[in-house]
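Here is a short briefing on one protein chain. Look over the sequence and the model before reading on.

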Amino acid sequence: VATLKSMQRGEVASDVITHSIVISACERSTRWTRALKTLQGMLKNCIAPNVVSYSAAMSACNKGERWNSALWLLTSMQERRVEANLVSFNSLVSAC
């Protein structure tokens, strides 16, 4: 997360890959709120999340027992025309 903050200050360029890595790290450390904030930060900074970003955030919501947030993420994917995959749907079903 500290590296991402450095990137946001303009010290290093950030992209969908670096954000997805941070979201995955948050998922592994059961920090679902940080994962969602990172995803929201992507949208705020005009960095389009991909299926990996969304799936990792859904998995974080699953671990945090936040099924409603996981469902919101699926809706957000559909609105942004990001095609869900098997990992996305498994994370969503597990969260519910």
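**Overview**

Buried residues account for 42% of the 96 residues in the protein chain; buried means under 20% relative accessible area, exposed over 50%, and partly exposed in between (1.4 Å probe, protein chains only). This is a predicted model: local features need pLDDT of at least 70, side-chain atom pairs count only at pLDDT 80 or more, and totals for chains, interfaces and linings use all residues. Residues are numbered from 1 along each chain as its sequence is written, and side-chain values use heavy atoms, with hydrogens and water left out.

**Fold**

- The protein chain has six helices and zero strands.
- Helices (H or I, at least four residues) and strands (E, at least two) are DSSP runs, numbered from the N terminus.
- Read from the N terminus, the order of elements is α-α-α-α-α-α.
- Take the contacts in the protein chain between residues at least 6 apart in sequence: 58% of them join residues at least 24 apart. Contact means heavy atoms within 4.5 Å.

**Helices H2 and H4**

- The axes of H2 (residues 16-28) and H4 (residues 51-63) come within 8 Å and cross at roughly 15°. That makes H2 roughly parallel to H4.
- Axes are lines fitted to C-alpha atoms, for helices over the stretch in contact, and angles run from 0 to 180 degrees between N-to-C directions.
- Angles under 35 degrees count as roughly parallel, over 145 as roughly antiparallel, 65 to 115 as roughly perpendicular and the rest as oblique.
- The H2 side of the contact consists of Val16, Ser20, Ile23, Ser24, Glu27 and Arg28. They meet Val52, Ser53, Ala56, Ala57, Ser59, Ala60 and Lys63 in H4.
- The residues of this contact of H2 with H4 divide into six nonpolar, four polar and three charged. Ala, Val, Leu, Ile, Met, Phe, Trp, Tyr, Cys and Pro count as nonpolar, Asp, Glu, Lys and Arg as charged, and the others, Gly among them, as polar.

**Salt bridge**

- Glu27 and Lys63 meet through their side chains in a salt bridge (2.8 Å, N to O). The pair links distant parts of the chain, with Glu27 in helix H2 and Lys63 in helix H4, 36 residues apart.
- A salt bridge is a side-chain nitrogen of Lys or Arg within 4 Å of a carboxyl oxygen of Asp or Glu. By this rule the count is one.
- Glu27 counts as buried because its relative accessibility is 12%. Lys63, at 43%, counts as partly exposed.

**Val93**

- Val93 lies in helix H6 (residues 86-95).
- Val93 is exposed, with a relative accessible area of 61%.
- The C-alpha atoms of Val93 and Met58 are 9.7 Å apart, and the two residues are 35 residues apart along the chain.
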